[in-house]
Amino acid sequence: MEADRKVKLVLGFGDQRREIEVNVPAEDPIPWDATTKFSVVGTAAPRADGVAKVTGRAKYTHDMNLPGMLYGGFVRCPVAKATINGIDWSAAQAHPGVKAIHDFKVKQTRYAHQHLIAIAAESRQALEQAIALVKVDYKALPHAARFEQAMVDGAPQVHANRPNIEAYSPSGREKAVQEAMQSADKVVEATCTTQVQNHCSLESHGIVAHWEGEQLKIWASTQATFGVRRDLADAMNVDEANVQVICEYMGGGFGSKFGAGYPGLAAANLAKLSGRPVKVMLDRREEMTDVGNRPDSVQTMKLGVSKDGALGAYKVDIVGTPGVGRGAGARNPMIYAFEDRLVARTERAVATNAGAQQAFRAPGHPQGSFALETILDLAAEAIGMDPLEFRIKNDPHPTRKAQYKDGGARIGWKNRKPNGSEAGRFRRGFGVASAVWYQIGQPQGAEVLCRILRDGSVQMRNGSQDIGTGTRTLMQIIGAEELGLSLDRVVPFIGDTRDPIGPGSGGSVTAPTVAPAARQAAYLAGKELRAVVAKAMGASADDLAFSQGQVVHQKDATKSMAFADACKLIDQGEISALGKRSKNFQAFEGTVGGVQFAEVEVDCDYGIVRLKKVVALQDAGIIINRRQAESQLNGGVIQGISYALFEERVMDRQLGQMVNADMEMYKIAGAVDMPEIESVLYDVSNGGNTTGTAGIAEPTMIPTAAAIAGAVHNALGVRVTSLPMTPDRVLAALAQKEKGK
Amino acid sequence: MHPPDSEKPGLSRRGFLKGTGLSVAAVGLVKSATAAQEAPAAEVPTLSAAQTHEISFELNGQTTQAKVRTGHTLLETLRDQLDLTGTKLVCDQGSCGACTVHLDGKPVNSCLVFATDVAGRQITTIEGLAKNGNLHPVQAGFLHEDASQCGFCTPGMIMSCKALLDRNPSPTRDECKEAISGNICRCGTYFNIFRAVDHAATLMKGGR
Ligand code: FES
Ligand code: FES
């Protein structure tokens with residue numbers, strides 16, 4: 001048994017470097033750090049599945065057509081709240097095309113379009129007809145579909161067993177905060193509101209279930225293949241070993257696709273009842289109303305600040321609506337140097353008769369960031385300090401400190417004029433906001449199988465999913481790097497629970513959880529190969545290394561041989577090694593940092609915010625694939641722009657229905673709304689795990705809306721405190737300003 | 001003979017059809033037959049006479065026959081009948097562009113086109129772009145610029161971009177934005193797509 005090793009690593013970036021000593025377990029390779037010379041890591045490698053995606057060959061759950069497959073769909077409650085007295089599906093059952101019916105046994109519905117029963121039929125047409133034949137006997141009840149309806153005294157109670165308003169424990173610091181507030185040079189106050197945002201993944205929630213005897217085979221559009229496996233094994237009362245979940249490709253999730261959910265349960269049961277494969281794909285309205293959303297928020301803040309720009313006491317009250325779900329916290333991410341004892345936070349969740357919230361890219365953060373950066377900009381304005389300078393003064397993070405200066409130069413911050421100093425129809429402005437993220441991956445969360453075949457090809461296998469972030473390519477790159485191969489020699493496999501365990505893709509954990517396991521797998525397999533080669537050439541395995549397609553003898557180059565030739569020496573058919581995810585160790589910083597800048601031009605006649613440019617700077621750990629990391633950053637910014645300016649679920653307060661549950665009226669940013677985007681990746685030797693990988697899907701979306709709001713503020717001289725910043729809200733803010741004159 | 005159903009009431013989709021030349025379905029290429037086995041129970045609220053129609057059209061350069069039902073869209077025909085699943089269904093109402101294909105060389109939302117209306121005409125789908133294993137320059141451009149993340153919008157985007165480059169070999173950034181303004185990408189690949197189009201334009205002019 002080999003012993004653990006103590007290793008000194010150089011972590012950080014640029015002139016911000018530190019040496020730390022870590023204990024490396026025997027089965028792990030020496031962690032990558034700032035001194036590592038890479039051959040493929042950090043290059044701009046093409047996506048491993050890029051060709052499948054651009055040719056239309058990539059098969060999504062949506063694309064599965066199995067012989068004899070039935071179509072599953074739902075009968076739903078037409079009103080926002082009702083008692084279900086009975087459901088008569090006899091006519092549907094008599095339809096020649098109908099093969100199975102599953103009853104969710106709902107007695108009381110709590111939001112419009114809640115699912116009641118599921119039907120499987122021969123064709124989509126037969127399904128539509130059958131759904132229309134079902135008679136639901138219900139009694140509509142008073143509802144509270146919107147925030148303001150649910151909060152008033154005597155509001156209809158959403159849940160039978162708990163009040164509409166759930167308060168989370170207050171901080172107990174109110175008194176200290178109040179006292180400190182009194183001694184502040186300036187106190188600023190603001191209330192910010194944010195909207196409900198729908199995930200609106202292009203591929204809707206969908207699942208295909210197929211029973212082969214006791215074996216359940218599932219294709220799922222999911223962010224957690226293993227989560228779906230567990231859910232369905234539990235629900236159908238079979239062993240997890242008998243459930244196989246496949247997700248080779250999936251068309252977006254953004255937090256909404258973790259478990260099997262009711263579509264999965266319906267598909268599995270309908271398939272069981274009918275003895276046929278069943279496909280359930282939600283239609284767009286179902287996708288918009290019954291599988292999750294980002295909760296809205298009202299955040300009321302008060303901040304004390306000193307003349308020289310030091311942060312004082314901070315009080316924030318947060319209210320959000322999880323619909324019929326739970327937990328709606330807007331997280332004011334504590335980026336800046338607040339004194340912990342001077343922060344008082346109260347939070348309440350208000351239940352409404354609307355679809356339940358679900359995790360959505362950086363849950364709580366974009367809304368929290370919008371509010372926090374608002375109060376910060378107002379504070380800077382109150383003391384007459386430049387908002388960028390104000391942040392530099394109050395932000396202790398070394399990476400963000402560098403990013404403020406860098407980004408300021410890139411956006412042309414020096415051209416920024418004082419707030420509201422522009423006149424005329426078109427007014428320009430600049431804004432800045434910041435992000436934090438926490439992930440260096442989960443220990444024990446992943447295993448990767450590396451197989452080295454006798455023909456010299458290598459497989460990297462993990463059963464989790466690639467939701468578009470590039471996990472598949474990441475495994476390929478890491479295998480190639482560790483074994484000194486070109487990318488085409490390494491074939492990655494992902495999205496089948498018959499392969500080793502991997503995490504659900506939430507919290508940006510997938511990359512930093514899978515990468516170190518992949519590296520360990522390739523390292524251990526390589527070690528075995530080195531032993532085989534060493535024996536054959538009478539050398540010591542320690543003298544052998546992998547580089548440029550060769551097994552290199554580091555002392556005697558004449559003994560080096562091609563990797564492919566070395567593989568021919570494998571006598572037991574192939575080498576395979578299972579790499580596990582070791583514990584995290586110390587990282588450069590506990591968190592990764594990001595800063596975004598926006599430049600806007602506001603059309604003050606029409607209230608239209610036109611984005612000119614966004615500069616996004618993001619700490620991305622050791623960058624495994626430059627191209628995909630940049631795509632993530634662009635993608636986060638673009639979703640942030642969409643959140644800032646366009647997206648909003650609209651509920652009819654009388655009917656309790658979402659009135660824009662389609663892609664025509666629910667506005668998502670399109671190509672014409674795109675500004676110039678400058679994405680700047682910070683390659684930070686992060687430590688924390690053997691590959692130094694950090695997950696960046698989430699932080700990249702957090703500060704965008706706040707940065708745009710800052711720019712609008714700068715242009716107009718008044719803050720738009722509600723999202724999205726639509727023309728009506730911009731014009732209202734301008735009118736408010738006029739009135740205040 | 002006119003295209004079946006086109007005069008039937010209640011088919012509101014027809015009103016959305018954009019410039020696809022509804023009336024030009026070639027005579028003789030649509031054969032209609034009432035399919036008894038498809039007739040639903042009497043009280044079923046549905047199109048009055050569910051029929052199947054045989055159509056013939058050119059699909060990715062090949063003469064193709066398909067049996068389509070009354071009210072079937074081109075998108076359903078491609079995906080369900082012909083198992084060409086590269087073209088995606090997302091909104092089913094012309095709002096997202098995921099179902100974009102070329103009809104006689106022009107981009108259309110195939111979720112808004114009746115299958116019967118393509119009889120005798122030319123359809124190109126994402127599956128028809130690569131020739132002899134070689135990617136079309138637009139596909140190569142998308143690969144080069146990493147213009148797909150989850151990839152679900154990608155086929156529709158590529159078809160819109162190809163249509164742009166077919167009519168305008170040197171599009172400006174604004175022309176590119178305009179050309180894909182009907183295509184939604186939820187992952188946020190627009191910026192990469194702009195660069196992919198630039199790259200493809202260079203490739204199509206023989207550059208590298
Ligand atoms: S599916 Fe046809 S435009 Fe959206
Ligand atoms: S790449 Fe996912 S929707 Fe465009």
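This is a predicted model: local features need pLDDT of at least 70, side-chain atom pairs count only at pLDDT 80 or more; totals for chains, interfaces and linings use all residues.
A salt bridge is a side-chain nitrogen of Lys or Arg within 4 Å of a carboxyl oxygen of Asp or Glu.

**Between the domains of chain B**

The domain assignment of chain B gives domain 1 as residues 51-125 and domain 2 as residues 129-208. Taken over C-alpha atoms, the centres of domain 1 of chain B and domain 2 of chain B are separated by 21 Å. Domain 1 of chain B contributes 14 residues to the contact, and domain 2 of chain B contributes 12 residues.

About 960 Å² is buried between domain 1 of chain B and domain 2 of chain B, with 63% of it on carbon and sulfur atoms. On the side of domain 1 of chain B, the residues that lose the most area to domain 2 of chain B are Lys88(B), Thr100(B) and His102(B), which together account for 39% of what that side buries.

Strand β4 of chain B, residues 100-103, gives the most to the side of domain 1 of chain B that touches domain 2 of chain B, with three residues. By class, that side of domain 1 of chain B has six nonpolar, seven polar and one charged residues.

**Between chain B and chain A**

The contact between the chains takes 53 residues from chain B and 61 residues from chain A. Chain B and chain A bury about 4600 Å² between them, and carbon and sulfur atoms give 54% of this area. Gln149(B), Arg186(B) and Phe191(B) supply 18% of the area that chain B buries against chain A, more than any other three residues.

Seven salt bridges are counted between chain B and chain A. One of the salt bridges joins Asp83(B) and Lys59(A), whose closest N and O atoms are 3.9 Å apart. Across the interface of chain B and chain A there are also 32 residue pairs in polar contact, both residues at pLDDT 80 or more.

The table lists the elements that give two or more residues to the side of chain B that touches chain A.

| Element of chain B | Residues |
|---|---|
| α1 | residues 74-81 |
| α2 | residues 137-144 |
| α3 | residues 154-167 |
| α4 | residues 173-179 |
| α5 | residues 190-204 |

With five residues, α5(B) gives the most to this side of chain B. The residues of the side of chain B that touches chain A divide into 22 nonpolar, 17 polar and 14 charged.

Key. Residues are numbered from 1 along each chain as its sequence is written. Chains are lettered from A and ligands numbered from 1 in the order in which they are written. Side-chain values use heavy atoms; hydrogens and water are left out. Domain bounds come from an automatic or database domain assignment. Contact means heavy atoms within 4.5 Å. Buried area is the accessible area (1.4 Å probe) that two parts lose on being put together, summed over both. Helices (H or I, at least four residues) and strands (E, at least two) are DSSP runs, numbered from the N terminus. Ala, Val, Leu, Ile, Met, Phe, Trp, Tyr, Cys and Pro count as nonpolar, Asp, Glu, Lys and Arg as charged, and the others, Gly among them, as polar. A polar contact is a pair of N or O atoms within 3.5 Å; within protein, one must be able to donate a hydrogen and the other to accept it, and residues adjacent in sequence count only if both atoms are side-chain atoms.
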